[in-house]
Amino acid sequence: MATAANDRVMASERIAPGMLPRVLGSFDMVVIFVAVVLFIVNASAVQPAGPAAFSYWILGFLLFLIPGALITAQLGQMFPQEGSLYVWTQKALGPFWGFFAGFCAWWPGVLVMVATGDAVVTLLQFIFDGGLPEAWEQGLVILAVLWFSAGMALMRLRMTQNYVNWAVVAYGAAIFVIGLSGILWLVGAGHAATPGMGDVSSYKPFQGSSWTIFGLVILALLGIEVPLNMGVEIVHMRSIKKYLFWGSIVVMAAYLWVTLGTMLALDATKSEAATTDILRAVQVGFYDSHALAVIVALVMVWFFVSNTVVYNYSFSRLLFVSGLEKRMPSALGRVNERKVPAAAVLTQTALSSIFVVAIFNPFVGGDNTQKAYWLFQAAVTVIWCISMVLLFFDIFLVKRAFPALFEEVRSSHPALLYVSGVVGMCASAFGAYVTFRSPWTPLFTVSDWRLWLGILVGVSALAAIAIYTISQFTHRREMPAAAGEPTATPVT
């Protein structure tokens, strides 16, 4: 038992608080939550489901977002350390599962930064009709977004966060305009552009091929725990419950509002789930005003560039903790003169850049570029869902391992937390299943989609296991050497 307890003590718990400044307040945490979770272009992706999209959103909120917020509030207050899920799972299950959960929570960040850059490309193509037709041109834009995000992430966190806060406030205004466009269309036309919105049967989920929509909804809600990757950088611990409450309210309201606005202004039965559906809704709703749609698109570009900054600095903390724990090179566990884990930021930016160069280059056709994009998005969903299964499972073990601490910071009744754990695990696993079940795009056959997605997820999981195995071998070699070293005599 003593050995198991020692395995769950982490070096980062002792070292990280002395290396990083406490600068994040409640509003900052809400902004980070919104920036990570509220990927509003997903409101376009769910349009093919028609009115049933609202049912999928509500199921996602009830089965995943809200249970996740309850569990995260409890774990975050018990262990407000750098690395969130990495720390919580090591406390619950030991070092291997802690690292595995941390890797599965970090790796999607590398892929998501490519996706946010690609969102910028799509928005620019709407603004400049016919612009950026070549894959290599798109790749250059994405690389520019990535390395701008790295530059911002290397600055003092307080300065970077102030910049992000303004971008997210502007993003909120753009979201309001998108939803309002549908209301204006309804007032002007006297009816919704999407048929069947008054028919209760249209809201029934899981009909035909719409099962995959649930996977998209889970993808849209992932990232609940990400702000707590920076646990030791929070000024007051009460910010944890505040950001989870207010952030969840904003996310739920925004997804429903924009889905409604888009569905009122555009016929969802004709939707191809294009990212720019939400912008076309603005143009149609505001009396064919392309200029206003362009202004909204420019704000969205600013947000997604800034969003990449948030992904970069928040996910770098998981890499930073792995460096402190010596599961990855120890250089990753160092900070620069601005007290930022620079090596971690640069490493994950370089990894994202490798993916960009591999996908967006002159030798890759347009269809293959889109194939790779959708595959990586699906892989993000499955891998991240694996980490979320572990997050929900943690709640059952931390109470047994740390009963006094569990009761000291308890934010919800244990029965509610346990129900949330079971529901959340099932929703996460089901989200991964439906992602495998059928392609998100007609560019793939079902068999090819499952094969390539399985390869991506399998290679990612094997990489985590290999890294941990190598680190264990290194630790065992170092332990005898350390034991044989003479004790240093203090200098007086």
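Is phenylalanine 393 buried, partly exposed or exposed, and at what relative accessibility? I looked this up to open the notebook: phenylalanine 393 counts as partly exposed, at 32% relative accessibility. The scale I used calls a residue buried under 20% relative accessible area, exposed over 50% and partly exposed in between, with a 1.4 Å probe and protein chains only.

A note on the source: this is a predicted model, in which local features need pLDDT of at least 70 and side-chain atom pairs count only at pLDDT 80 or more, while totals for chains, interfaces and linings use all residues. Residues are numbered from 1 along each chain as its sequence is written, and side-chain values use heavy atoms, with hydrogens and water left out.

**Aromatic pairs**

I found 36 aromatic pairs in the structure. Rings of Phe, Tyr and Trp (its six-membered ring) pair if their centres lie within 6.5 Å; planes under 30 degrees apart are stacked, over 60 edge-to-face, and the rest tilted. Phenylalanine 245 and tryptophan 246 have ring centres 4.9 Å apart and planes at 85°, so I logged this pair as edge-to-face. Phenylalanine 245 itself is partly exposed, at a relative accessible area of 48%.

Back to phenylalanine 393: its ring and that of phenylalanine 396 have centres 6.4 Å apart and planes at 45°, so the pair is tilted. Both residues lie in helix H15, three residues apart, about one turn of the helix. Phenylalanine 396 is partly exposed too, with 26% relative accessible area. For helices I took DSSP runs (H or I, at least four residues), numbered from the N terminus.

I also noted one aromatic cluster, with Trp97, Phe100 and Tyr468 among its members.

**Helix H12**

Next I turned to H12, residues 277-285, and found it mostly covered, with seven of its nine residues buried. Among the buried ones are Asp277, Leu279 and Gln283. They pack against H4, H7, H9, H11 and H13, where contact means heavy atoms within 4.5 Å. After H12 comes tyrosine 287, which has a positive phi near 55°.

**Largest pocket**

Last, I checked the largest pocket, whose lining has 29 residues, with Glu272, Ala273, Ala274, Trp374 and Trp440 nearest its centre. A pocket here is an open set of points on a 1 Å grid over the protein atoms alone, where a 1.4 Å probe fits, with protein on both sides within 12 Å along at least five of seven lines; lining residues have an atom within 4 Å of a point. H7 gives the largest share of the lining, five residues.

How values were computed:
Helix = DSSP H or I, 4+ residues; strand = E, 2+ residues; numbered from the N terminus.
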